[in-house]
Amino acid sequence: DLSGRRKLTDHHTLADDPKPLLQFTIDVGPQFKQLAAAERKWLHQLEMDAYVPILLEGGVLGGILAVGSRKTGDPYRARELELLSAIADQTSVALKNARLVGDLLKLNEDMQVLNKSLAATNERLKEHDKVKTDFITIASHELRTPLTQIGGFSELLTMMSQSEAIPGPDVADISDSITKACERLSEVVGQMLEVSEIDIEMVQLRIAQTHMNTILRMAVEPFTAAIRERGLVFSVQGVRNLPPLQADEQRLGQAFSQIIGNAVKYTPDGRRIEVQGRYLPRDNNRPEVIEIVVADSGIGISAKYLDMIFEKFFRIGGTGLHSTGTTKFMGAGPGLGLPIAKGIIEAHGGRIWAESPGYDKDKYPGTKIYVILPLKPSPFTGKNAPYLIGEVLNDGITS
């Protein structure tokens, strides 16, 4: 790159005419007649015979390749000038690559700074989540003591009413209301404890051979009366003939109870809830599994919420739209049921997800909850391993 290239380009724009320029042309060419004597002298002092432009992107002149005279004193031939042009082109590529590398290095530095910021943010989020989990655990334990006392006094009130130790016909109704309220509060506290165990990866499983039919019958039982009262049509297909699986029967019953309870709450009176099961043989990507689909004909879920419904405390719609009661249409709840189901199913090595055409409280497009469970859970390793307690299975899995 010549420090005095401006003297040259004032009279001849190499970017516009990117051919090699000979010193002979500068000396005798008409386009350089106006070149000042001092500039001519400076160019002669360089003792160069040819100048080749180095062009960057957009035809910008990035430099000039200057070569001296040949030892023989002969002028440069056309083939030699072509070679010089090729060298200039390669130099241009090298300069572009150098700039690109510089840009990439700068981008890499910026990304490293951003990654550090994201890592710090992620750590803060983890700490906030831990604080929230700790609060749930502490609050759950703190609530259990007064709950036990209230429940005990409620039972005592009922006994005294029955023995007519306390007069008044309304005492039995009052004690019954207190008992039901305590049961519901106890259920919520139990869910809070469950989700806190899932958060700290302390899910305990008692693995034994069981059948999906037994698990689903256990899951549906708490909702039998509500299904009948609300005129819901509940059907189960393809489950009876499924092969047995190794699982915690009580825990899976609890998980499917949360899924079915969710379907009951979001399906209007008189509509259908269907449970379908099928066996999927082993393939290259997975072991042999059971697939259970719980399909309701309710209000559906928007696509943006399909993953969020498995996050704790998340509920669709505003709280003002929910009615009271755990089995009424759009019934209230703390938003812990599906996260608990997800934690239990994943502890068995399974998967759970939701699919829905969308949300519509008038047309009721419905929602399908898919559950995949392996017939035999794989050995669990690492920090995500649930505690498996019980007997040792034949394949060496501690249960």
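**Entry 1: E346 and K342**

I began with E346, which forms a salt bridge with K342. I read 3.0 Å between the closest N and O atoms. The model is a predicted one, so I kept to what it shows. Why can these two side chains pair up along the helix? E346 and K342 are 4 residues apart in helix α9 (residues 337-347), so about one helical turn separates them. Next I looked up accessibility. E346 comes out at 39% relative accessibility and counts as partly exposed.

**Entry 2: other salt bridges**

How many salt bridges does the structure hold? I found 6.

I took K106 and D110 next. Their side chains meet in a salt bridge, at 3.1 Å from N to O. Both residues lie in helix α4, which spans residues 78-162. They sit 4 residues apart, about one turn of the helix. K106 is partly exposed at 46% relative accessibility. D110 is partly exposed too, with a relative accessible area of 39%.

Then I turned to D269 and R230. The side chains of D269 and R230 meet in a salt bridge of 2.5 Å, N to O. Where do the partners of this pair lie? I located D269 in the loop between α8 (249-265) and β8 (272-280). R230 lies in the loop between α7 (224-229) and β6 (233-237). The two are 39 residues apart, and the pair links distant parts of the chain. Is R230 buried or exposed? R230 counts as buried, because its 10% relative accessibility is under the 20% cut-off.

**Entry 3: α8 against α9**

I went back to α9, this time for its packing. α8 and α9 pack at an angle of about 145°. Their axes are 8 Å apart. I noted a left-handed crossing where α8 passes α9. Which residues make the contact? From α8 I listed R251, L252, Q254, A255, Q258, I259 and N262. From α9 I listed G337, L338, I340, A341, I344 and I345. I sorted the contact residues by type: 8 are nonpolar, 4 polar and 1 charged.

**Entry 4: the buried side of α6**

I checked helix α6, residues 212-220, for buried positions. M212, N213, I215, L216, A219 and V220 are buried there. Why do I place these residues on the same side of α6? They cover an arc of only 160° around the axis, so they fall on the same side of the helix.

**Entry 5: Y364**

I looked up the backbone at Y364. Its phi is near 55°, a positive value in a residue other than glycine. Most residues other than glycine have a negative phi, which is why I wrote this down. Y364 lies in the loop between β10 (351-355) and β11 (368-374).

**Entry 6: the whole chain**

Last, I collected the totals. I counted 9 helices and 12 strands in the chain. What share of the 399 residues counts as buried? The figure is 37%. I then looked at sequence separation in the contacts. Among contacts between residues at least 6 apart in sequence, 69% join residues at least 24 apart.

Terms used
Residues are numbered from 1 along each chain as its sequence is written. This is a predicted model: local features need pLDDT of at least 70, side-chain atom pairs count only at pLDDT 80 or more; totals for chains, interfaces and linings use all residues. Side-chain values use heavy atoms; hydrogens and water are left out. A salt bridge is a side-chain nitrogen of Lys or Arg within 4 Å of a carboxyl oxygen of Asp or Glu. Buried means under 20% relative accessible area, exposed over 50%, partly exposed in between (1.4 Å probe, protein chains only). Axes are lines fitted to C-alpha atoms, for helices over the stretch in contact, and angles run from 0 to 180 degrees between N-to-C directions. A crossing is left-handed if the near helix is turned anticlockwise from the far one by less than a right angle, and right-handed if clockwise. Contact means heavy atoms within 4.5 Å. Ala, Val, Leu, Ile, Met, Phe, Trp, Tyr, Cys and Pro count as nonpolar, Asp, Glu, Lys and Arg as charged, and the others, Gly among them, as polar. The arc is that of the directions from the helix axis to the C-beta atoms.
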